[in-house]
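Work through these exercises with the model open beside you. Try each task before reading its solution.

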Amino acid sequence: MRYSLHIARVAGTDVKIHATFFLLLAFLAFIYYRHGGAAAAIDGVLFVSLIFLSVLLHEFGHALAARRYGIRTPDITLLPIGGLARLERIPENPKQELVIAIAGPLVNVAIAGLLWAFLGVTGGLPHPSTIESAGVSLPVRLLTANIILVLFNLIPAFPMDGGRVLRAFLAMRMDYARATQIAATIGQGLAFLFGAFGLLNSPPIPMLVLVAVFVFLGAGQEAALAQLRSASVGLRVASAMVTQFQSLPRHATLHEAVDALLQTAQHEFPIVDDDGAVCGILMRNDLIVALRKSGAATPVAEAMRVNVPSLHHSMPLDRALMLIQESGCDALPVLDTAGRLVGLFTPENVGELMMVQTALKSAPGGGRLQRRPPPLPVG
């Protein structure tokens with residue numbers, strides 16, 4: 001995720017903090033300072049930081065449960081709205097997804113249990129009626145926050161863990177795409193109710209409305225991804241790649257790249273060396289930025305993106321989609337078994353393939369489209 005700061009690597013998982021998280025801390029420090037001075041600001045920022053430490057441990061609960069099934073978690077990113085553990089793939093077995101989904105809230109249950117035990121030993125357990133009063137100790141507030149995290153995450157709506165738990169139970173009785181669609185519909189229904197309550201309440205509750213919008217959009221995105229995953233089962237990169245494209249030599253200038261941009265429908269160009277090996281990808285936005293900074297005589301090698309992943313034409317389509325999302329590029333080069341450049345893989349072409357597959361399924365007799373890569377590189 002862009003604008004994220006890498007702070008650590010734990011058990012093979014990168015821990016990142018999004019830049020907006022620091023803006024949140026600064027804003028909260030300012031609010032606390034205005035109401036109670038420096039001591040209140042320090043206490044408030046410490047409390048929020050400990051909440052996000054609980055969120056981080058929650059995400060590691062997901063990561064460790066996923067590792068049990070051989071699923072890596074490349075990174076965990078802390079955002080102002082919570083944490084995001086990016087799994088290498090979604091487990092095929094609904095029981096595995098259930099374990100992974102429930103592992104996060106169980107971590108918060110464990111944290112709350114430890115805090116409860118600590119407060120019991122130290123005599124700090126408050127009466128329930130005083131929990132929200134001023135002057136409550138930091139451990140009590142943190143205990144309350146973890147209980148809220150458990151309850152919030154178990155709401156049966158994507159992208160919360162409760163939505164994934166619901167889908168896992170449904171997927172034990174029906175196909176994955178249908179289970180996701182039902183869970184997403186339930187989630188969007190709950191989001192609508194949350195939003196309506198937040199707007200109609202007197203006074204309105206803006207945070208609840210914001211959460212409702214977040215849940216509604218997240219549920220829709222999850223349903224769309226599940227549909228795409230279902231439609232791409234059994235398909236390979238060769239079925240979706242662009243085979244008629246233009247590449248540029250490493251020694252070409254941005255002027256030549258502009259000519260190619262204007263003369264073709266391409267927005268991204270693979271850059272190749274004298275042997276035809278791919279050494280980078282030139283993106284349209286990077287081309288425009290480089291033109292402004294250094295002019296048309298600049299070599300494309302200075303503007304291209306390097307170390308981009310290459311795809312094999314036989315790679316499963318869903319895996320390729322994950323790689324292109326991780327890379328941050330709008331296109332990736334496709335190689336054949338001999339390492340020759342034979343295509344470009346773009347999300348737009350995948351979308352067109354999905355439309356074709358949907359049409360074929362509706363046609364008499366059904367059917368699926370599979371293509372083979374050309375025997376020689378093009379361009």
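## Exercises on helices and charged pairs

Helix α10 is followed by G328, whose phi is positive, near 75°. The model is a predicted one.

**Exercise 1.** Find which residues of helix α10 are buried, and state where they fall when seen down the axis of α10.

*Solution.* 
- Step 1: Take α10 as residues 317-327.
- Step 2: Apply the cut-off for buried, under 20% relative accessible area. L317, A320, L321, L323 and I324 are buried.
- Step 3: Look down the axis of α10. The buried residues fall within an arc of 165°, so they line one face of the helix.

**Exercise 2.** Determine how many salt bridges a search of the whole structure finds. Then describe the one that R141 forms.

*Solution.* 
- Step 1: The search of the whole structure gives six salt bridges.
- Step 2: One partner of R141 is D43, with the closest N and O atoms 3.0 Å apart.
- Step 3: R141 sits in helix α3 (residues 138-153) and D43 in helix α1 (residues 19-68). They are 98 residues apart, so the pair links distant parts of the chain.
- Step 4: Check accessibility. R141 is partly exposed at 23% relative accessible area. D43 is also partly exposed, at 31%.

**Exercise 3.** Decide whether R167 and E97 are buried or exposed, and name the helices they link.

*Solution.* 
- Step 1: The side chains of R167 and E97 meet in a salt bridge, at 2.5 Å from N to O.
- Step 2: This pair links helix α4, which holds R167, to helix α2 (residues 94-122), which holds E97. The two residues are 70 apart in the chain.
- Step 3: R167 has a relative accessible area of 0% and is buried. E97, at 5%, is buried as well.

**Exercise 4.** Locate R305 and D286, and state what their pairing ties together.

*Solution.* 
- Step 1: Their side chains form a salt bridge of 2.7 Å, N to O.
- Step 2: D286 lies in helix α9 (284-294), and R305 in the loop between α9 and β8 (311-312). The pair therefore ties together parts that are 19 residues apart in sequence.
- Step 3: R305 is partly exposed, with a relative accessible area of 30%.

Notes: Residues are numbered from 1 along each chain as its sequence is written. This is a predicted model: local features need pLDDT of at least 70, side-chain atom pairs count only at pLDDT 80 or more; totals for chains, interfaces and linings use all residues. Side-chain values use heavy atoms; hydrogens and water are left out. Buried means under 20% relative accessible area, exposed over 50%, partly exposed in between (1.4 Å probe, protein chains only). Helices (H or I, at least four residues) and strands (E, at least two) are DSSP runs, numbered from the N terminus. The arc is that of the directions from the helix axis to the C-beta atoms. A salt bridge is a side-chain nitrogen of Lys or Arg within 4 Å of a carboxyl oxygen of Asp or Glu.
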